[in-house]
Amino acid sequence: MSEGRWRVLVSEPMDDIGPESLADVADLVWYDEYADRASMGADIERFDAVIVRTFEVNRALLDRARRLKVVAKHGAGLDNVDIEAATERGVVVCNTPDVNARSVAEHALTMMLAVRKRLGVADADVRSGTWDRTKYVSHELRRDVLGLFGCGAIGREVTALAQGIGMEVVYYDPYLPADEGPAGATPIETKADLFERADAVSVHAPLTDETRGAISAAEFDALGPNGILVNTSRGPVVNEAALVEALESEALAGAGLDVFEHEPLDADHPLFEVENVLVSPHVAGTTVEALRRMSRGAARNVRAVYEGRRPETAVNDVDAVRDDDTEEITEDAGGYDSSDADR
């Protein structure tokens with residue numbers, strides 16, 4: 001157990017239900033007390049813990065954060081946190097995986113349905129004065145094959161929803177044992193086979209060196225001119241230039257994208273020139289329920305480290321915390337083992 005009160009930086013807007021639950025052990029400093037992110041980062045040396053969403057915790061910031069003991073991610077993806085540098089400095093990094101799985105899954109399936117039904121095109125046409133009941137004729141998704149590229153907690157939720165409307169589900173996830181996949185879904189041995197087999201592919205893989213640019217021209221060719229791609233994971237998993245080319249040449253029927261290589265998108269981005277593309281601003285996991293769960297989860301992780309415990313969702317191996325309530329705290333740092341944070 002730490003002695004004395006901590007000072008916790010809440011770096012971005014979030015439901016206050018989580019941070020406020022720390023009031024008995026910590027003083028909170030909210031992002032809006034600073035003029036901008038630069039001034040907030042310059043003040044990092046005062047804090048024992050920081051709760052982040054997209055705020056970047058890089059090596060330079062960690063060099064200044066001499067008191068810092070834990071970086072608690074409000075969400076699952078940790079591409080904005082330098083985990084290696086944190087580990088070297090004995091800083092615990094943890095996230096809140098799975099808590100927005102249902103929210104992301106609903107968003108992914110909604111995008112898939114909207115792209116197949118060409119609802120974005122229909123909406124734009126009606127608003128511009130076009131009333132054409134023959135332009136948007138499409139096939140049902142029932143009996144189609146949905147391919148999942150990555151199958152963690154979100155993939156499981158997508159599987160259940162897709163099966164509910166009569167889709168067959170296959171998945172490619174080389175890190176998931178075949179007997180641990182979602183009930184009724186079929187594992188696929190290779191990425192190439194996944195895209196050959198599927199009518200639509202939904203991306204649910206984390207961004208790593210291995211997955212960066214993993215979906216490109218060859219995958220779009222395999223998916224085919226009636227195929228649909230949905231990405232609610234991380235933008236750079238998909239080669240965006242190759243995607244635009246596939247859509248423009250009608251080698252792909254359409255796409256639903258919540259994430260992009262660079263965010264926000266420029267106003268003249270070529271994706272906006274392609275008709276059957278549905279876009280949203282990285283909000284797939286942003287529901288009232290999910291935001292509350294993430295806020296509570298991040299705060300629980302801060303409290304765990306304050307009390308000398310290792311959070312269950314810690315992604316690095318730092319010996320500055322106990323794995324249970326009986327061992328004493330030590331002060332060494334080890335390597336890190338990446339988690340299956342699928343978004």
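By class, five nonpolar, two polar and one charged residues make up the lining of the largest cavity; here Ala, Val, Leu, Ile, Met, Phe, Trp, Tyr, Cys and Pro count as nonpolar, Asp, Glu, Lys and Arg as charged, and the others, Gly among them, as polar. The model is predicted, and local features need pLDDT of at least 70, side-chain atom pairs count only at pLDDT 80 or more, and totals for chains, interfaces and linings use all residues. Residues are numbered from 1 along each chain as its sequence is written, and side-chain values use heavy atoms, with hydrogens and water left out.

The lining of the largest cavity consists of Asn231, Gly235, Val238, Glu240, Leu243, Leu257, Val259 and Phe260. A cavity is a set of points, on a 1 Å grid over the protein atoms alone, where a 1.4 Å probe fits but cannot get out, and lining residues have an atom within 4 Å of a point. The space in the largest cavity is about 50 Å³, a volume being the space filled by probe spheres set on grid points that are joined across faces, edges and corners. Over the whole structure, the search returns two cavities of 30 Å³ or more.

The second largest cavity holds about 40 Å³ of space. Its lining comprises Ala114, Val115, Gly120, Val121, Glu275, Asn276, Val277 and Leu278, which divide into five nonpolar, two polar and one charged. At least two lining residues come from each of α5 (101-116), α6 (119-127) and β12 (277-279). Helices (H or I, at least four residues) and strands (E, at least two) are DSSP runs, numbered from the N terminus.

The protein is divided into domain 1 (6-95 + 288-307) and domain 2 (101-279), with bounds from an automatic or database domain assignment. The centres of domain 1 and domain 2, taken over C-alpha atoms, are 32 Å apart.

Strands β3 (residues 49-52) and β4 (residues 70-73) are joined in the parallel sense over four bridges, and Val50 has Val71 as its bridge partner in β4. Axes are lines fitted to C-alpha atoms, for helices over the stretch in contact (heavy atoms within 4.5 Å), and angles run from 0 to 180 degrees between N-to-C directions.

A second open sheet contains seven strands ordered β8-β7-β6-β9-β10-β11-β12, again with parallel pairing. Strands β8 (186-187) and β12 stand at the edges with a single partner strand each, so one side of each is left without a neighbour in the sheet. Three bridges link β11 (residues 254-257) to β12 in the parallel sense; the bridge partner of Ala255 in β12 is Val277. Helix α5 packs on this sheet and touches β6 (145-149), β9 (200-203), β10 (228-231), β11 and β12, its direction making about 150° with that of β10. Helix α10 (residues 240-248) lies across β10, β11 and β12 and runs at about 145° to β11.

Technical notes:
1 Å grid on protein atoms, 1.4 Å probe; cavity = no way out; pocket = protein on both sides within 12 Å on 5 of 7 lines; lining within 4 Å. Pairing = 2+ DSSP bridges.
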